[in-house]
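Biologist: I am new to this structure, and I would like to learn how to read it. Could you take me through some features, step by step?

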Amino acid sequence: MWGGRTRALLRVWGLWPTGILGRRSISCNAASLAGSNCPQCWNCGGPRGPIRGDGFFCPQCRALQPPDPTRDHFSLMDCNRSFRVDTVKLQHRYQQLQRLVHPDFFSQRSQTEKDFSEKHSTLVNDAYKTLLAPLSRGVYLVS
C-alpha cells in the first residue's frame, strides 16, 4: 500500500532516484571504494555515493542508512546558516523528513533500520526544535 505512494512522493520531492530501473548512476566505483572514500551500504554493501536528495537511503537497495554525524541542523533542515529562518519552510521540511524517517513507517523492516529510523527521527526533532526557537537558534549558531 505505502510502496507506490511513498515512491511517488519521494520522486516529487526529488528524493527517489530516477532513470534506468529507478536508479541513478553514482560516481563511486570499485577503485574509489578501495580507498573507502565512498561510504558503503550496511545492507547490500554497495556504494552510497553522492546522489540527489538527502542520502537517507541506499540508491541500490533503498535501505535506510545510518545518520551522518557531521551534518549540522541547518543542512539537515535545508536552511541557510543564518539567524533568520523561514519558519514555514522549516515546518514543511520537518514534516517532509518525518514522512521519510519516522519509526512508524519502519515497523515491518529489520531491527537495524528501525534503530536508524529512531536516530534519524530524533535528529530531525532536535534540529526542528533548535531552529524553530530564536534563542536556541542563536545559541546553536554561536556554538
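This is a predicted model: local features need pLDDT of at least 70, side-chain atom pairs count only at pLDDT 80 or more; totals for chains, interfaces and linings use all residues.

Biologist: At what angle do H5 and H6 pack?

Modeller: Here we compare the directions of the two axes. H5 covers residues 111-132 and H6 covers residues 134-142. Their axes are 5 Å apart, at an angle of about 105°. Angles of 65 to 115 degrees count as roughly perpendicular, so H5 and H6 are roughly perpendicular to each other.

Biologist: Now for charged side chains. How many salt bridges does the count come to?

Modeller: To find a salt bridge, look for a side-chain nitrogen of Lys or Arg within 4 Å of a carboxyl oxygen of Asp or Glu. By that rule there are 2 salt bridges. One joins Arg 81 to Asp 72, with 2.8 Å from N to O. Another links Arg 109 with Glu 113, where the closest N and O atoms are 2.7 Å apart.

Biologist: Are Arg 109 and Glu 113 buried or exposed, or partly exposed?

Modeller: For this, check the relative accessible area: under 20% is buried, and over 50% is exposed. Glu 113 has 7% and therefore counts as buried, whereas Arg 109, with 37%, is partly exposed. In the other pair, Arg 81 has a relative accessible area of 46% and is partly exposed. Asp 72 is partly exposed too, at 21%.

Biologist: Let us turn to the backbone. What is the phi of Arg 62?

Modeller: Arg 62 has a phi near 65°, which is positive although the residue is not glycine. You will find Arg 62 in the loop between helix H2 (30-34) and helix H3 (73-76). Its relative accessibility is 13%, so Arg 62 counts as buried.

Biologist: And where does Asp 78 lie?

Modeller: Asp 78 is in the loop between H3 and helix H4 (87-101). Its phi is near 55°, again a positive value in a residue other than glycine. With 45% relative accessibility, Asp 78 counts as partly exposed.

Methods:
Residues are numbered from 1 along each chain as its sequence is written. Side-chain values use heavy atoms; hydrogens and water are left out. Buried means under 20% relative accessible area, exposed over 50%, partly exposed in between (1.4 Å probe, protein chains only). Axes are lines fitted to C-alpha atoms, for helices over the stretch in contact, and angles run from 0 to 180 degrees between N-to-C directions. Helices (H or I, at least four residues) and strands (E, at least two) are DSSP runs, numbered from the N terminus. Angles under 35 degrees count as roughly parallel, over 145 as roughly antiparallel, 65 to 115 as roughly perpendicular and the rest as oblique.
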